[in-house]
Amino acid sequence: MNRFFTNTILLILPIVIVAQKPYPANVASLLGSVGRNKIELVKTINYFQKKNDSLQLRALYFLLANMSIHQSVNYYWADNNGKAVSFNELDYPDLARSVKAFDAIKARTNSIHPQPIVYKDADTITAAYLIDNIEKAFTAWKQPQAKQLSFSDFCEYLLPYRISVEPLQNWRGIYTSRFGGLKEAAKGKPIENTIDFFGTDLRSWFTNTFNSETRKEPLPRLGALQLLHRKKGPCEDIADLEVFRLRSQGIAASVDVVPVWATSSGAHFLNAVILPRQKTLHYDAINKSPVGSYRLAREPAKVLRLTYSKQHGTLASIEPQLNIPPGILRAYNYKDVTAEYWECQDITTSLFTTNGTEKTVYACVFNYFNWKPGWWGIKNNNTAMFTKMGSGAVYLPMYYRQGKMVPAGYPVALGYKHILQLAPDTLHTHTIHLPEQDKYLIYKAAKKYSLFYWNNNWRLLATQTANASTREMVFNKVPQNALLLLVPENSEHKERPFMVTEADQRIWW
């Protein structure tokens, strides 16, 4: 017998294999798509697995499963050689000293300029950040105003660490401490009063910069700590700030977006507060409207609620991004909540015969002198349906073709009682009277006014000049059933389209 076997005592030791719990498929997919930061994500999973808290682990899996669609849009300062310049506004106690410090850096740095950057959450987020966020969110969930919240609503509206594309900053602890007094001051009162109290407080220290300042930085949203530092911003920043504040106090909340007003210019952002038993409160801190009885001031094309998770049926889930106009319709995470705010109707409209290959048709509204997409529908035998559109507006079906919006049919006027397709009848014309109307049309002496009608573009009909006594203008040979636009010289591009009935009644859109 071999001496090795006779003189050697073989010790057969048991091999202990620690079986790792399998990840959900959508989490495994994310982990397979990231690079070095996979270490941080796995570290977070291991932490909650060892903690043996199944609900917190499920919450983490929810965040990870939807993390691939989230990113920060930010920038850094660079010199003329493209080298990063060290500066962080949050290193200073207030905005004034941040500005003073930056002015000193700018004075000694050649051609300093902002360099935009985009970084994905999955590639940069740390285990420490995720763990802290989840544990603090669960603490907030134990608060009286939140403990009846369902787990799904908790995950969607209380747990998330971000809202939009803002730079990620560790906000929960700071916000919890800073704004805890507001919740305590409203203790024992209905939730509506508590939220009103938050709005009153906000208006006492935060400045709404809408129409007064334009942010020149390539920074579409301020981070949570920048909001506290700068103490100013437009309505999108205000809506984000309120979500951070409310979530920190155990109040589930989100941002509701009006991507484009249907009968005015611009867009708007406000808040939704999600209560147990599927109750939702609408809240606009800017407009001081009472919570619970809030109504929009004008017609929206759509109102979309931001979620953290990917939503089934969004356009981005069925259409390549390059086929979608820039804006919120490229996102995966929103819900259509227009019916919570406004009377809605479905529109089925006929389309021009075309050889184009586009399947998606956009319902566009006239906003700042351009037709802007508000919603979408799928082409079906030269028709398209747009669902739950805000009533009281006119919608133009359009295609998005090679980066441009192209008319796909005639405008559709969606009234509160009637729907009318506005195909101009150039063979049958009429004379129309356009008197002044407060808030819509006031004639100014020596100014020229040009009347246009829509027929695949704005076509000029006639131009007249007002004098000091002009209170009304009369135009002849105007096509019937036409969408019209009266434009003064030196227009600010806020004019609204209108139609004039056969009875010479003007209807604004």
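Author: A residue is called buried under 20% relative accessible area, exposed over 50% and partly exposed in between, with a 1.4 Å probe and protein chains only. The model is predicted, so local features need pLDDT of at least 70 and side-chain atom pairs count only at pLDDT 80 or more, while totals for chains, interfaces and linings use all residues. Residues are numbered from 1 along each chain as its sequence is written, and side-chain values use heavy atoms, with hydrogens and water left out.

Reader: What share of the 509 residues of the protein counts as buried?
Author: The C-alpha trace of the protein spans about 115 × 60 × 60 Å along its principal axes. Its secondary structure comes to 12 helices and 24 strands, where helices (H or I, at least four residues) and strands (E, at least two) are DSSP runs numbered from the N terminus. Among the 509 residues of the protein, the share that counts as buried is 50%.

Reader: Which residue has its C-alpha atom 9.5 Å from that of Ser-289, although the two are 90 residues apart along the chain?
Author: Ser-289 lies in the loop between E7 and E8, and it counts as buried because its relative accessible area is 19%. The C-alpha atom separated by 9.5 Å from that of Ser-289, across 90 residues of chain, belongs to Gly-199.

Reader: How many Å away from Glu-299 is the nearest side chain of opposite charge?
Author: Glu-299 sits in the loop that runs between strand E7 (279-283) and strand E8 (304-306). It is buried yet has no salt bridge, that is, a side-chain nitrogen of Lys or Arg within 4 Å of a carboxyl oxygen of Asp or Glu. Charge here takes Lys and Arg as positive and Asp and Glu as negative, leaving out His and the chain ends. On that basis the nearest side chain of opposite charge is that of Arg-298, at a distance of 6.8 Å.

Reader: Which residue has a side chain joined to that of Glu-299 by a polar contact of 3.0 Å?
Author: A polar contact is a pair of N or O atoms within 3.5 Å; within protein, one must be able to donate a hydrogen and the other to accept it, and residues adjacent in sequence count only if both atoms are side-chain atoms. The side chain of Glu-299 makes such a contact, at 2.7 Å, with the side chain of Thr-263. The contact of 3.0 Å joins the side chain of Glu-299 to that of Tyr-416.

Reader: What is the relative accessibility of Lys-388?
Author: Lys-388 lies in strand E13 (residues 383-390), and its phi is near 50°, a positive value in a residue other than glycine. Lys-388 counts as partly exposed because its relative accessibility is 47%.

Reader: Is Lys-477 buried or exposed?
Author: Lys-477 is found in strand E21 (residues 472-480), and although it is not a glycine, it has a positive phi of about 55°. Because its relative accessible area is 65%, Lys-477 is exposed.

Reader: Which residue does the side chain of Lys-51 meet in a salt bridge of 2.7 Å?
Author: Lys-51 is partly exposed because its relative accessible area is 36%. In the salt bridge, at 2.7 Å from N to O, the side chain of Lys-51 meets that of Glu-135. This pair links distant parts of the chain, 84 residues apart, Lys-51 being in helix H3 and its partner in helix H7 (residues 127-141), namely Glu-135.
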